[in-house]
Amino acid sequence: MTATATSTPPPAAPKVSGGKGGRSRLSLPWILLIVAGGLIALSAVRAITGAQDLTSAGQISASLSLAVPIGLAGLGGLWSERAGVVNIGLEGMMILGTFFGAWAGWQTSPWLGILAGIVGGMLGGLLHAVATVTFGVDHIISGIAINILAVGFTTYFAKLWFNSGEAAAKGGSPKQSPPAEEITSVTIPGLSDWLADIEKHHWFLVSDIAGILGGLVTNLSLVTILAVLLLVATFFVLWRTSFGLRLRSCGENPIAAESLGVNVYKYKYIAVVVSGGLAGLGGAFLSLVTSHIYNEGQTGGRGYIGLAAMIFGNWRPGGLAMGAGLFGFADALQLRSGGESVHALLLLLFVVLVGLAAWKAYQKRWITAAISAVIGAGVLVWYLGTDTVPVEFVSATPYVVTLLVLSLSAQRLRMPKADGMRYRKGEGK
């Protein structure tokens, strides 16, 4: 992402993927091959290290729960940046979602709380749109300001609304809300138990697949299902409709879009408000599904991690989902299993780095290949010389994974051409 320029030069026409000048996207067979390779590698690590929790149903269920708010924040960032507006304020919009969701949820019903969280995030998105689209404020500065304002707003009103009267009597305090009712979860009867029986045998690959599938069909929140549907709907709307084409054109070349009759301001406003609503839904998920209460500092930087997942996914829904799942998996691993499972992942990291070194050597990029090989050797020495990893490193696992994944994927990324650039109506005349 880039900060806003003082003026917007006409962006060059985007290059067609797959040509000599562009980067080709992975085809479905290649994606399936990569997924299969990842499963085999993870199963092998589990069998070698004995860290059975790596692919257990409980681990996958926890990973999914932790990935949903990250994925929703990233999906919000995708809507905004596809229209050309950088949204660093996702964290603040998530904070607003946690607060308004819990505030409405404990007084009425959790579903009305979900709706209130979405509205809270949309208000943050509207503020960001007014600042960046109408007044031309630098996108980064506006986003940071929203993050700061959201923290101040929720801190003040939590003390005002949760620390007195009925709220205080039901468990509220200056830093948390009273608990809300639980949102319904679903389990597929029969299938869940059958997969659990297969998982208990610890068969190579078969039990791992059973554990992964079991985690996807056991105690699944209805809001998680809603999040998956929103991911699919985003792909359909942005890539399969004329509305999506116009919106994406605002992020690629707003001047050309204006010359074809597109109301660029309107589409940017829609995108940023939707972005805020999705981030607010992610925040409401944290306060109403994950913990049933609002807690100060509840988002824990997930808005920023969602932005990283969006970048990892190359501004596309499928890649975003993979990134959110990876970060959720790392977060769940450090919360559930601690040092033992994270230590087992060192072996998987060694395999990935060796594979990367071999691929870079095949491309004759000798320096990158050498660096990957040296780091891989260091990771192997670390794994062989220890039985666990320090507690401090375990707690930092999700953030280390974020940095590692972004550094490995940075060379294949292509952001929207006009992302972060200031646009003024009539510039093309």
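Modeller: Begin with the surface: accessible areas come from the Shrake-Rupley method with a 1.4 Å probe. This is a predicted model, and the accessible surface of the protein comes to about 19,800 Å².

Colleague: What share of that accessible surface belongs to carbon and sulfur atoms?

Modeller: Carbon and sulfur atoms account for 70% of the accessible surface. As for the residues, buried ones make up 48% of the 429 in the protein.

Colleague: How many helices and strands are there in the protein?

Modeller: The protein has 18 helices and two strands. Its radius of gyration is 23 Å, close to the 22 Å given by the globule rule for 429 residues, so the protein is as compact as a globular protein of that length. Along the principal axes, the C-alpha trace spans about 65 × 65 × 40 Å.

Colleague: How should I read the contacts along the sequence?

Modeller: Take the contacts between residues at least 6 apart in sequence: 79% of them join residues at least 24 apart.

Colleague: What about charge?

Modeller: Count the charged side chains, then compare where the two sets lie. Here there are 28 positive and 20 negative side chains, and the centres of the two sets lie 17 Å apart.

Colleague: Is Arg46 buried or exposed?

Modeller: Buried means under 20% relative accessible area. Arg46 has 3%, so Arg46 is buried. This residue belongs to helix α1, which covers residues 28-49.

Colleague: Which residues is Arg46 in contact with, leaving aside its neighbours within four places in sequence?

Modeller: Among them are Ala51, Gln52, Leu54 and Thr55, and also His202, Trp203, Phe204, Leu205 and Asp208.

How values were computed:
Residues numbered from 1 in each chain as written. Predicted model: local features only at pLDDT ≥ 70, side-chain atom pairs only at ≥ 80, totals over all residues. Heavy atoms only, no water. Helix = DSSP H or I, 4+ residues; strand = E, 2+ residues; numbered from the N terminus. Rg over C-alpha atoms; globule rule 2.2 N^0.38 Å. Buried < 20%, exposed > 50% of the residue type's maximum accessible area, 1.4 Å probe, protein only. Contact = heavy atoms within 4.5 Å. Lys, Arg positive; Asp, Glu negative; His and termini not counted. Charge placed at Lys NZ, Arg CZ, Asp CG, Glu CD.
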